[in-house]
Amino acid sequence: MSTRTTTLIGAAVALALLNQAPAYSQSNANASNDEIDEIVVTGIRASLRESLEVKRESLAVVDVLTSEDVGKFPDKNVAEALQRVSGVSISREFGEGERVSIRGTAPNLNRTLLNGHAIATADWFVLDQLSATRSFNYLMLPTEVIGSTEVYKGSQADIEEGGIGGTVNIRTRNPLDLPTNTFSASAQTSFTELADKTDPQVGALYSWKNDADTIGLLIAGLYQERNLRRDGIEFLGYSDREIADQGGATVAVPDLVGSALFEQERVRTGANFGLQFRPSDALDINLTGLYSKLEADNFNHNYMAWFSNMFGANEQPTNTAVRNGTLVSGAFAQSDDSFGVVYDAILRDAETETQSVDLDAVFDVSEAVTLHGKFGHTKAEGKTTAQPFWETQARTGFTWDFSRGVPEIDFVDVADPTDVNSLPQLGWASHNQFLNEDEEFYAYGDAEFKVEMGAVKSFKFGLKYTDHERDVNITYGQTRGLLSATGCGGAPCSLADAAGGLTPGDFLSDIARPGTVRNFRLVSEQALRDIYGALDFITYDPNDPNIVANWPNFPTNHFGPLESFVVSEEAIGGFAMANFEGEGFRGNLGVRIVETKQTSDGWAVGVPAGTPGAVNNPFGLIAPLTVENDYTDVLPSVNIAFDLTDDLLLRFGASRVMARPEYNRIAPTITSFTPLLFTGAGGNPTLDPYRADQFDLSAEWYFAPESLFAAALFYKDMQSYVVNGTGPERLPTEIVDPNDSRLSDPDADCQSIGTALYSCLYQIDRPVNGAGGEIQGVELSYQQPLWNGFGAIVNYTYSDADSAAGDPIPGNSRDTANVTGYYENSRFGVRLSYNYRSSYFVDNDRGRELYSDDTDSLDLSINVNLTDYLALTFDGVNLLDEELFYYYDGDKSRPARYYDNGPIYYAGLRINFGR
C-alpha cells in the first residue's frame, strides 16, 4: 500500500471520529422503534434502506443497489458496485471492473438488462472485438442516470432468458419520479498513479416536470478523460518439447516471455434522455434514449525472449532446470538460424459506442386489467480502425530463470536494449482493421389480469420478439514492402527507423526481480504513424487480374475471411405466470417458452475452383458458408416467500434457465489465430445453449431498522457445458522470409501454396457441447447501522463447481467476500470497502487452461456536504495496488501473466438542487 493511500485512509478515519454528530437529534434517539423507522435519512443509509425494502418485498431471490442521491451511485462504475453484492465478483484486467460473474459462472452466462431489455454491447479491446461476447461491458453505462440495480439470482417467467448465473436489471430514473427542476452536476479530476496523469471528468443531469405531473423531461450528459498504464510480464503460451539436457524428457516450455508496457488514453462521452407522459393515472408512456462512446486508443509494447523460434531452428538449451514439468531456467546460445529476441509495438486506434431507444407504455384498462407494451432498438459498435504493427528482432542467445516466479532474462548478445540499433531487422509489419457490430430490434407486450381465485391474485401473459445480428469484419493491411531490402529510405527497416524514448523509470518496479528486463528502447507512436501514413494503400479487388497477380508488391487492404462472420438470431418467446398470496406466503408460478433460430455466415477458405460463389483472396479461393441451427426451450419457474414472523422471511425458488453461447463460438470459421505459435480458435455453429435446473433456499432476518442477516443455499444442475476440443487443422499462413524457422517446424508441416503463402498445421480450439456438472454454494450476508453513524456490510459466498467430465468451470471462485465499513452524518460520509476473490479458471488460452490467482481490492469513498446543495467528493480505487497473476494448467510454477495497474484517485465537487 502506497504512502498516499495510507495517509488518505487515516484521514478518513480521523474525520469520521471528529464528526460524530448523529444523523438525527437526541430527541429522535429516544423515540420509539416505530418513530425511528419513519426518520428520513439521505446518502449511504438512505440507499441501504431503500435497497432492503425492495429486496424484502420481492417475490424472487434478488439483491438491490440503490443510488445514494441523484447522480451519485455507490461506486465509480456499475461493475465495481455490483461486487459488493453477495455472490457477485468482477475482474480488473485493465484497472477497472468491466464484467461480472454471478454464483460461480462466467460473465457470458449472466444477462444484463436496461429497464428490462437487453442493451447491445461491443468492445474497445481487439481480443474482445474478435470474441464477440454476449456479456455487457459496464464501462459503457453512465452511473449518473441510474436509479437502482436489481440482481436476480433466481428466475421467474417474465424475466428474459439468457442468465444462468443471474440477471442484472439496471433501472434509470424517470422525470415524473423526481421533483421538478432537479439538477445535479459533478466535476472531478482523476489521478492515475502508475501513469502519473491527472484528467478531468464532468457530468450533469436535469429533470423537469409540469405542475400537473403529467409530462416530464430528463436529460443528462458526461465527459471523461482517463490516462491508463499497465505494467506486465507475459508468458504467451507453452509448448511441450523434448529437452536433450533433461535426457530427452518432454516438458512444458514457454513460447514467448516478455516485458509488456500498455498505455491508453480513454475519452468517454455519453448522453441520455427520458420523456415521460402520464395524462391520467391509467396511462404512463416513457420514451428513453441512451448514447455512450468510449475512445480507447492504446499502445502496447512487448520485449520478448523468443523460445519457439529457437526451438523451431532446432536449437537446444543447456544448464536447464525443470519444476513440476515446466522448464524454468536454462540458456540458449546465439544461432545464425534463429532470433532470440523479438519486440512487438502494436498501436491501436480503438473505440466503442452503444446506443438504444425504447418506447414503453402501461395502460390500466380497468382496476383488474393492465396492458404493457414496449419496443425498441439498440446498437453497438466496437472497432479498431487502425492497428499499425511493428515487430523488430535480433539474433542472440539468452539465459532465463523464472524458478522464483517473475522471469529474469539476459539477452547475452544484445549489449544494450536501449540502443536504437539493438534490433536491426524488421520481422513483421501490418496495418489491420477490426470491426464489430451488435444490433437488436425487439417488440414486447404483456397483459395482467387481477382475479380473486383463492390464493391466486393475478395472471400475467406476455410475448416477445427479438431480431439480433452480430457482425465481425476483419481487414488485413498488407505492408510486405516494408520488409524488403529497401523498405525504409532505400535500406532495410529496423528499430532505429521508428525509435522513440525509453520505458518509464519505474516500469515494472512493483513486479520485477533484479534480472527482469525493465529498460528498453520503445517505438515512437508518431514515427509509426508517419511510416504507415506514407504508404499508399489500395483495396484488393478479386476481379482485377493485375492486383491478384501482383498484390504482394504494394500496400493492400484485403478482406480477412478466416475471422470474419455474421450471426443472425431470431427469438420468439412467450410466458404465462400466476401470482399468488395467502396468509403468511406469496409467490409466483409460471413458464416461459422460447424458440431460437440462428444463421451463421462465414467463409470457407481454400475451396476448389468452380465452388459456387468462390472469389479470389490472398488466402486462396474463398466461398460463402452458411449454417443454420434452431432450438426451443421450455423454462418453468416457481418462487415462494414465507413470512414466518414480522421480521423473518424464508424464500424458495426453482427454475430451468438457459444461456446462448458466445457469438464467436457459433461462427462457422476460425475466429482467432496466432501464426507465430500456430495456435488458434474457431467456432461451431451447431452448438446448443447452456442449460441448467436451479434451486434456491434462503432465510432473511430483518432484525432491526436498516439491518439484515441472510443465509442462502443455491444449487445449479448444469445439463451441458460448452467446452473446447483441440485438434490439428491446416490454415493458409503468410511467411515472407524463406529462412523463417517456422518453416522447419515439423509439427507445423508448412507446405508452399503460393508466393510467400504456406499451408500450415495449427492446433485449433473449437467448442463442443460437453458433459454437465453442478454448481452449489452458500451465501451469508449481514448489514447494520452499528453506532452513532457507523455501520457495516459484510457478505461471503462459497461456491463449489464441478463438471462431470472433470473440466474446470470458467469464472468460479470458491470463496468471495466483501467487507464494507461506513460512517455518515448530515455533513460527512465515508465508505471503505474490501473485496476478496479466490482463484478461478478463466478460459482456454493458446491451447492451455488459464487461471487467475486470488485477488483483493480496497476502495474508498468520502463525501463532505459543504451546504445542503454542495459536496466535496473523493474516491480511491485499488488502494492496495493489487497485482494480478495468471497461470497455466492450474500450476503456479507455470506463469502466464503478471499485471500491475496501480491505484486511481478521484476528487471533485457535486451539486444537487431540487432533491
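I looked up Glu408 and found a relative accessibility of 17%, which counts as buried. Buried means under 20% relative accessible area, exposed means over 50%, and partly exposed lies in between (1.4 Å probe, protein chains only). I note that the model is predicted, that local features need pLDDT of at least 70 and side-chain atom pairs count only at pLDDT 80 or more, while totals for chains, interfaces and linings use all residues. Residues are numbered from 1 along each chain as its sequence is written, and side-chain values use heavy atoms, with hydrogens and water left out.

I then checked what Glu408 meets, and its side chain forms a salt bridge with that of Arg513 (3.2 Å, N to O). Glu408 is in strand E20 (residues 408-411) and Arg513 is in the loop between E23 and E24, so the bridge ties together parts 105 residues apart in sequence. A salt bridge here is a side-chain nitrogen of Lys or Arg within 4 Å of a carboxyl oxygen of Asp or Glu. Strands (E, at least two residues) and helices (H or I, at least four) are DSSP runs, numbered from the N terminus. Arg513 is partly exposed, at 29% relative accessible area.

**Entry: other salt bridges**

How many salt bridges does a search of the whole structure find? I have 50 written down.

I took Arg229 and Asp506 next, whose side chains meet in a salt bridge (3.1 Å, N to O). Their positions are distant in the chain, 277 residues apart, with Arg229 in strand E10 and Asp506 in the loop between strand E23 (499-502) and strand E24 (521-523). Arg229 is buried at 6% relative accessible area, and Asp506 is partly exposed at 35%.

I also looked up the bridge between the side chains of Glu779 and Arg103 (2.8 Å, N to O). Because Glu779 lies in strand E38 (residues 773-787) and Arg103 in the loop between E3 and E4, this pair ties together parts 676 residues apart in sequence. Glu779 is buried at 4% relative accessibility, and Arg103 is buried at 1%. Both belong to a network of salt bridges that also links Lys55, Asp63, Lys153, Arg651, Asp696 and Glu700.

**Entry: positive phi**

Most residues other than glycine have a negative phi. I looked up two residues with a positive value. Arg103 has a phi near 50°. Asp213, not a glycine, has a phi of about 55°; Asp213 is in the loop between E9 and E10 and is partly exposed at 32% relative accessibility.

**Entry: the five-stranded sheet**

I traced an open sheet of five strands in the order E1-E6-E7-E4-E5, with mixed pairing. Strand E1 (62-66) and strand E5 (117-118) are at the edges with a single partner strand each, so one side of each has no neighbour in the sheet. Two strands pair if DSSP finds at least two bridges between them.

E1 pairs with strand E6 (residues 146-152) in the antiparallel sense over five bridges, and Val62 stands opposite Tyr152 in E6. Is E1 enclosed or open to the outside? Five of the five residues of E1 are buried, so the strand is largely enclosed by the rest of the structure. Val62, Val64 and Thr66 point one way from E1, and Asp63 and Leu65 point the other way.

Strand E4 (residues 110-114) and strand E7 (residues 166-172) pair in the parallel sense, also over five bridges. I noted Arg111, whose bridge partner in E7 is Thr167.

**Entry: nonpolar cores and a patch**

I looked up the largest nonpolar core, which has 67 residues, and those with the most contacts inside it include Leu82, Trp124 and Ile164. Apart from it lies another core of 61 residues, among them Phe235, Phe398, Leu426 and Tyr888. Such a core is a set of buried Ala, Val, Leu, Ile, Met, Phe, Trp, Tyr and Cys residues joined through side-chain atoms within 4.5 Å.

Strand E9 (197-209), strand E10 (215-235) and strand E13 (256-280) each supply at least two of the patch residues. Leu275 is in E13 and is partly exposed at 36% relative accessibility.
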